[in-house]
Amino acid sequence: MLSEQVLYLSVGELAKKIQLKQISPVELTESYLARSEALGPKLNAYARLTPDLALEQAHAAEKDIQRGHYRGPLHGIPYAAKDLLAVKGIPTTWGAKPFADQVFDYNATVIEHLHNVGAILLGKAAMIELAGGMGYAYASASLQGETKNPWDTKCWTCGSSSGSGAIVAAGLAGFAIGTETWGSIVCPSAFCGISGLRPTYGRVSRRGAMALSYSMDKIGPLARSAEDCTNIFAAIAGHDPLDRSTLPVDKAAFTYSPAADLKGRSLRIGWLTNAWKQYDPGIGKIVDTAKAALRHRFPSVRDAALPEGPWEDAATLILSGEAGSAFSQLIRSGRVKELNDPVGRVAGYVGQSVSGADYTTSLRIRDILQKKIADLFDSYDVLATATQPVAATPLSLNLVTGLSFADPLGAIGNLCGLPAISVPCGFTDKNLPIGLQFVGRAGDDAAVLLAGRIFQQTTNWHKKHPKVS
Amino acid sequence: MEAEARYQQILSQYGSRFSAEEKASLREMNLVTQASLEKVRAFSLENGDGPALYLKPLVEREKKPVQPSAAAAARKS
């Protein structure tokens with residue numbers, strides 16, 4: 001079995017070893033499987049492991065590489081996919097009891113893309129039921145139970161890509177795929193001390209992914225570095241004729257050229273002054289240190305402010321209305337009662353009561369907001385702030401009352417489909433990670449990835465790992 | 001008023017499904033939603049502002065493989 005040190009290497013580092021045949025994809029897969037079998041249940045990180053499929057793919061990758069057919073940086077790298085992505089013949093539960101036995105006869109496009117570049121599916125990651133689409137008050141809102149944070153198992157990973165966050169942080173796989181409608185990639189990335197990319201809406205096909213909010217759902221990677229996110233994003237981005245919401249071919253595809261990228265572009269960074277009303281004690285200092293590190297690398301960092309308006313309200317109504325439609329059958333049939341969470345059992349009825357006129361008004365407000373944000377990005381390439389104003393919260397916390405604060409940036413970013421990355425930027429006194437977030441203009445995923453990579457050239461927070469046993 | 005009406009509407013349709021605790025939760029959620037509705041409705045919008053919904057009239061379809069017999073027939077005509 002490979003050592004923990006090897007299993008915590010980034011995708012880029014593992015890829016070099018695989019390409020040079022210093023590590024075998026089969027050995028790597030067996031090692032991650034053994035670690036996942038031992039530690040996964042302690043964290044409630046997986047919905048299920050897929051060992052047979054993983055070993056079949058690992059042997060195929062090994063054979064290809066030995067023959068000299070190396071397919072690139074994800075070839076032979078094991079990963080986990082959030083359990084709302086269809087994998088042919090394997091249960092896809094959406095984290096919810098009513099769908100516990102659901103099996104699709106096709107692969108989600110993202111799964112296909114990763115298969116085509118030789119990545120190895122290790123298992124399906126646990127998640128908040130229906131990705132939080134019916135609302136939830138507790139971390140236990142999941143078919144798999146509460147996902148425990150590898151940095152402190154009394155704390156939560158955040159959701160809804162809860163298992164994806166735990167798996168990467170605990171070194172159970174090389175990377176994971178998650179989804180975000182509002183916070184579900186960047187928050188688990190921050191709470192778990194890893195790097196996570198929320199791509200521009202429409203750059204990654206959602207065919208085969210559970211729909212929660214048709215105009216806000218995005219799929220993206222959670223990984224050990226911004227550079228890893230860049231490589232994974234390059235593999236999964238692209239137009240899909242089977243998903244009409246994907247951007248056109250020339251706008252959706254993403255090509256990564258590491259050297260040219262880092263030397264060729266200077267970024268104008270805006271430090272957001274009104275993203276959070278206040279930080280939990282001790283966090284402000286960490287964020288100030290991150291800002292200083294950023295300023296050291298980008299002397300042109302200037303303060304910036306988000307426009308004010310009812311963005312969170314519009315986002316809430318759009319999300320509620322779309323979720324009310326996406327899960328209409330579940331609500332009308334009454335099977336929503338089978339969900340774990342007390343809020344999840346009733347909130348869908350409220351979502352369905354949002355009128356068409358109010359939903360459309362919210363969409364029109366979004367259109368106005370998009371123009372305001374486009375104007376803001378005339379002055380900046382990237383906006384930066386803390387990913388969350390708090391560190392990982394206790395597992396038993398009532399999230400409705402205890403993790404409830406204004407989040408205008410989350411609303412704006414997800415309403416407008418803006419790309420964002422969260423990267424680790426420090427630790428609290430209790431050794432819980434804090435995330436720094438970079439948000440870019442729609443379509444400029446390259447800018448947020450570049451900001452994350454440059455930040456990680458000057459800091460080592462992303463190289464710290466929890467002691468898990 | 002409006003929040004209460006929405007709550008009653010839900011109860012009239014699905015009332016037998018909810019416990020007393022769930023009904024209280026529903027009532028509270030309707031009040032929270034009402035606050036959002038009022039803020040959104042108060043936002044100044046003109047008739048011509050933001051069409052919001054766009055139809056994508058062009059539909060991409062996967063190309064179906066041509067059946068050999070159909071291809072042969074096409075060559076003959």
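A:Lys16 lies in helix H2 (residues 11-19) of chain A, where helices are DSSP runs of H or I of at least four residues, numbered from the N terminus. The model is a predicted one, in which local features need pLDDT of at least 70 and side-chain atom pairs count only at pLDDT 80 or more, whereas totals for chains, interfaces and linings use all residues. Residues are numbered from 1 along each chain as its sequence is written, and chains are lettered from A in the order in which they are written. Because 14 C-beta neighbours lie inside 10 Å, A:Lys16 counts as partly exposed (buried means 20 or more other C-beta atoms within 10 Å, exposed 12 or fewer, and partly exposed in between, with C-beta atoms placed from the backbone). The C-alpha atom of A:Lys16 is separated by 9.6 Å from that of A:Gly72, although the two are 56 residues apart along the chain.

The contact between the chains takes 27 residues from chain A and 26 residues from chain B, residues being in contact if their C-beta atoms, placed from the backbone, lie within 7 Å. On the side of chain B that touches chain A, helix H1 (2-14) and H2 each supply at least two residues, and H2(B) gives the most, with 11 residues.

The axes of helix H15 (residues 356-376) of chain A and helix H2 (residues 20-42) of chain B come within 10 Å and cross at roughly 55 degrees, axes being lines fitted to C-alpha atoms over the stretch in contact and angles running from 0 to 180 degrees between N-to-C directions. H15(A) is therefore oblique to H2(B), since angles under 35 degrees count as roughly parallel, over 145 as roughly antiparallel, 65 to 115 as roughly perpendicular and the rest as oblique. This contact is made by A:Asp358, A:Thr361, A:Ser362 and A:Ile365 of H15(A), together with B:Leu37, B:Val40 and B:Arg41 of H2(B).

How values were computed. Contact = placed C-beta atoms within 7 Å.
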